Amino acid sequence: MWRNSTSGWGLVSILLHWLSALAFVGLFVLGWWMTGLGYYDSWYNLAPWWHRSLGMLLLAATLARLAWRLPQPAPVLPGPRLERLTAHLGHVALYALMLLVLISGYLISTAEGDGISVFGWFTVPALVSDLPNQASLAGTVHWYGALAMMGLAAGHALAAIKHHYRDRHDTLVRMLHPRHARRGGTPHP
């Protein structure tokens, strides 16, 4: 099943979710690690190149994910109304933080007017540059936005585990298997 239904996530949404999660965690770890590199380290220029290239691909994937997600139905969330509202607000916050982190990363890299080479395949042009303190301000937003996103993502994962093991809801199963979208939302045994 490619598309979402009111009972489960489709294959496209599931793949975009897990690939995004893996990419964001990987970029966070890479970004944290590369801030400690010395000038003469062999990865001093290579790590940021990878970070920027992957970040631009992830920005495109995130925009595609939003374009795919908006016209699709969302599976009905189980649980009390307040819990469903909290889950919805958490998802909105995650998307907002994803865009904030990716766009601020773009603004760091384009602050001096240079585009971003994506693995040498193509260059993303610098549409915004030379703003006062652009790299510094965008860097602060990028760092704290990434920390907030990782914290919220950890809460998201813990909530999914709670729903699976404590509440016995099928929330986690629906994000693991597209066939579940066809069967309907049944509590897991």
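## Loops, helices and pockets in a predicted model

D167 sits in the loop between α4 and α5 (171–174). Helices (H or I, at least four residues) and strands (E, at least two) are DSSP runs, numbered from the N terminus. This is a predicted model, where local features need pLDDT of at least 70, side-chain atom pairs count only at pLDDT 80 or more, and totals for chains, interfaces and linings use all residues. Residues are numbered from 1 along each chain as its sequence is written, and side-chain values use heavy atoms, with hydrogens and water left out.

D167 has 23% relative accessibility, so it counts as partly exposed. The classes are buried (under 20% relative accessible area), exposed (over 50%) and partly exposed (in between), with a 1.4 Å probe and protein chains only. Apart from neighbours within four places in sequence, D167 is in contact with E83 and K162. Contact means heavy atoms within 4.5 Å. From D167 to G79 is 88 residues in sequence, but 8.6 Å in space, C-alpha to C-alpha.

**Overall layout**

The protein has six helices and two strands. From the N terminus, their order is α-α-α-β-β-α-α-α. The C-alpha trace spans about 55 × 30 × 30 Å along its principal axes. Of the 189 residues, 36% are buried. Among contacts between residues at least 6 apart in sequence, 67% join residues at least 24 apart.

Mean pLDDT is 90, and 94% of residues reach 70 or more. Residues 181–189 fall below 50, and this stretch has 18 contacts in the model beyond near neighbours in sequence. pLDDT is the predictor's confidence in each residue, from 0 to 100. Where it is low, the predicted coordinates should not be read in detail.

Helix α3 covers residues 81–109. Its 29 residues should span 42 Å at 1.5 Å a residue, and its end C-alpha atoms are 42 Å apart, which agrees. The expected span is 1.5 Å times one less than the number of residues. Which residues of α3 are buried? They are L94, Y95, L97, M98, V101, L102, S104, G105 and Y106. An α-helix has 3.6 residues a turn, so residues three or four places apart point the same way. The cover over the buried residues of α3 includes α1 (11–34), α2 (46–69), β1 (116–118), β2 (122–124) and α4 (134–165).

Helix α4 has 32 residues, which should span 46 Å at 1.5 Å a residue. Its end C-alpha atoms are 46 Å apart, in agreement. The buried residues of α4 are Q134, A138, H142, G145, A146, M149, M150, A160, H163 and H164. Their cover includes α1, α2, α3 and α5.

**Two residues with positive phi**

Most residues other than glycine have a negative phi. F119 has a phi near 55 degrees, a positive value in a residue other than glycine. F119 is in the loop between β1 and β2. D130 is not a glycine either, and its phi is positive at about 60 degrees. D130 is in the loop between β2 and α4. Are these residues buried or exposed? F119 counts as buried because its relative accessibility is 15%. D130 counts as exposed because its relative accessibility is 62%.

**Pockets**

| Pocket | Volume | Lining residues | Nearest the centre |
|---|---|---|---|
| Largest pocket | about 1400 Å³ | 46 residues | H17, A87, H91, L94 and H156 |
| Second largest pocket | about 600 Å³ | 24 residues | M34, H51, G105, I108 and H142 |

A pocket is an open set of points on a 1 Å grid over the protein atoms alone, where a 1.4 Å probe fits, with protein on both sides within 12 Å along at least five of seven lines; lining residues have an atom within 4 Å of a point. Grid points are joined across faces, edges and corners, and a volume is the space filled by probe spheres set on the points.

In the largest pocket, α1, α2, α3, α4 and α5 are the elements that give two or more residues to the lining. The largest share, 13 residues, comes from α4. The lining holds 29 nonpolar, eleven polar and six charged residues. Here Ala, Val, Leu, Ile, Met, Phe, Trp, Tyr, Cys and Pro count as nonpolar, Asp, Glu, Lys and Arg as charged, and the others, Gly among them, as polar.

For the second largest pocket, α1, α2, α3 and α4 each supply at least two lining residues. This lining divides into 15 nonpolar, eight polar and one charged.
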